[in-house]
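The following questions and answers examine local features of one protein model.

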Amino acid sequence: MKLKYSILLFIALFFVASCDFSNKSIESDAWTGWTDADEVTDMDSAEMDEVTDMDIDDGQDDTDLGNTGDTGNTGDTGNTGDTGNTGDTGNTGDTGNTGDTGNTGDTGNTGDTGNTGDTGNTGDTFPLSIRILASNLTSGSQQSYDPGEGIRIIQGLKPDIVLVQEMNYGSNSSTNYKALAQEMVGTDYYSVDSAGFQIPNGVISKWPITSSGYWNDPYLDNRELAWAVVDIPGDRDVFAISVHLHTSPSGDQVGAAAVVANEVETLKNANPGKYYYVVGGDFNGPSAVSTSGFGKNGDFYVLGPDPADDNGNEDTNANRSSQYDFVIAGTDLHSFQVPVVYHSNKDSSTLTYTNGLVFDTRIYHSGELEEFYSPALSNDSGASSMQHMGVVKDFVITY
């Protein structure tokens, strides 16, 4: 009996102890707030996404969350957006500033630009000597340089820039003009208003020609007022203008010269200090060399004294009775004018022309020509239908 009651007492005590432990577990769960692990693991993926997608409202503006880009500084790699400044490489459009040379084309046709050659032929050093020749030196019945007398005269005069009138040679092809330039100055740099004109105007140069064109001569239709930019060494280029003005009336010459003067004035205002200006060629008289013509705006020096030959004769037509041909420098370039000097190829002797030279082979004997002006020949200036005499001016640019 005692054993029976002992067993019953043990069972009762075990039951009371179990109930006390269970109550302690419930109180613990309520305090911690933890849910049963099985409840979490039993959540499906959609429910998990809902939890992770919940916005956390920290009381701040959501845009500040973009600062999360600072984590890992990976946001700084967003500065690769600065590489968007590669848009600045669009400034390569500035290489279009070669169009600045197009400023020379202000109003007029760009014409047959010819061979512009390589720019930047800056191998020469200062002071820089520049010899400029006005050349209406065609001969024969075709007003052409084909017969050769004019080419020999030019070779003997040794110019750096030739302002050419009646620029006909062969069929006036690019190949012909390059060959003509080689004959005249030893390079193939040339420009021409239009090879299709009856008697074109052009420029041939020792240095590269970077742009060219022409302005309209309102009195003529078989040639124009041709220009070319010559890339001489240094910061400034030569803006060379080659013209062949109307024979008559003289008012047409003055009118065409005023066109040039106005165009140059516009250029100077748009491009201060960019060019040295020179105009030359066959003016068919002196009327354009005036304050009404090329000197209209004060940009060209139109006062004398003028070039002359060894006898002091300034006239340039074939029979040496009229002054038709000129080289007129802009006021800046004029300040650098120096006497024209030719050196003997035999000794140290020289021939000097203080104001420039009007060249007529007929006043020299063959020995003088060979010594100072080879390969020109005595009768070249008197060739059949030779147009005029060459006119030379020298300049020495110093910086």
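Q: In which strand is Ile204 found?
A: This is a predicted model, in which local features need pLDDT of at least 70, side-chain atom pairs count only at pLDDT 80 or more, and totals for chains, interfaces and linings use all residues. Residues are numbered from 1 along each chain as its sequence is written, and side-chain values use heavy atoms, with hydrogens and water left out. Helices (H or I, at least four residues) and strands (E, at least two) are DSSP runs, numbered from the N terminus. On that basis, Ile204 is found in strand E5.

Q: Is Ile204 buried or exposed, and what is its relative accessible area?
A: Buried means under 20% relative accessible area, exposed over 50%, and partly exposed in between, with a 1.4 Å probe and protein chains only. Ile204 touches residues including Ile161, Val162, Val164, Leu180, Ala181 and Met184, not counting residues up to four places away in sequence; contact means heavy atoms within 4.5 Å. Ile204 is buried, and its relative accessible area is 0%.

Q: What distance separates the C-alpha atoms of Ile204 and Gly114?
A: Along the chain, these two residues are 90 residues apart. In the model, the C-alpha atoms of Ile204 and Gly114 are separated by 9.8 Å.

Q: Within what arc do the buried residues of helix H6 fall?
A: The buried residues in H6 are Asn176, Tyr177, Leu180, Ala181, Met184 and Val185. The arc is that of the directions from the helix axis to the C-beta atoms. Seen down the axis of H6, the buried residues line one face of the helix, because they fall within an arc of 135°.

Q: Which elements do the buried residues of H6 pack against?
A: H6 has twelve residues. Its reach from first C-alpha to last is 16 Å, close to the 16 Å expected at 1.5 Å a residue, where the expected span is 1.5 Å times one less than the number of residues. The buried residues of H6 pack against H5, E3, strand E4 (189-192) and strand E5 (202-205).

Q: Which residue with a positive phi follows H6?
A: The phi of this residue is near 85°. The residue that follows H6 is Gly186.

Q: Is Glu166 buried or exposed, and at what relative accessibility?
A: Glu166 is placed in the loop between E3 and helix H6 (174-185). Its phi is near 50°, a positive value in a residue other than glycine. Glu166 counts as buried, at a relative accessibility of 1%.

Q: What is the relative accessible area of Lys158?
A: Lys158 lies in the loop between helix H5 (149-157) and strand E3 (161-164). Although Lys158 is not a glycine, it has a positive phi of about 55°. Lys158 is partly exposed, with a relative accessible area of 42%.

Q: Which residue in E7 is the bridge partner of Trp215?
A: Strand E6 (residues 209-215) is mostly covered, seven of its seven residues being buried. Six bridges join E6 to strand E7 (residues 225-230), and the two run antiparallel; strands pair if DSSP finds at least two bridges between them. In E7, the bridge partner of Trp215 is Leu225.

Q: How many residues apart in sequence are the parts tied together by Asp160 and Lys206?
A: A salt bridge is a side-chain nitrogen of Lys or Arg within 4 Å of a carboxyl oxygen of Asp or Glu. The side chains of Asp160 and Lys206 meet in one, at 3.9 Å from N to O. Asp160 lies in the loop between H5 and E3 and Lys206 in the loop between E5 and E6, so the distance in sequence between the parts they tie together is 46 residues.

Q: What is the relative accessible area of Arg236?
A: Asp332 forms a salt bridge with Arg236, with the closest N and O atoms 3.0 Å apart. Asp332 lies in helix H8 (residues 331-334) and Arg236 in the loop between E7 and E8, so the pair ties together parts that are 96 residues apart in sequence. At 36% relative accessibility, Asp332 counts as partly exposed. Arg236 is buried, with a relative accessible area of 15%.

Q: Which residue is joined to Pro249 by a cis peptide bond?
A: Pro249 is placed in the loop between strand E8 (237-244) and helix H7 (250-270). The omega of the cis peptide bond is about 0°. The residue joined to Pro249 by this bond is Ser248.
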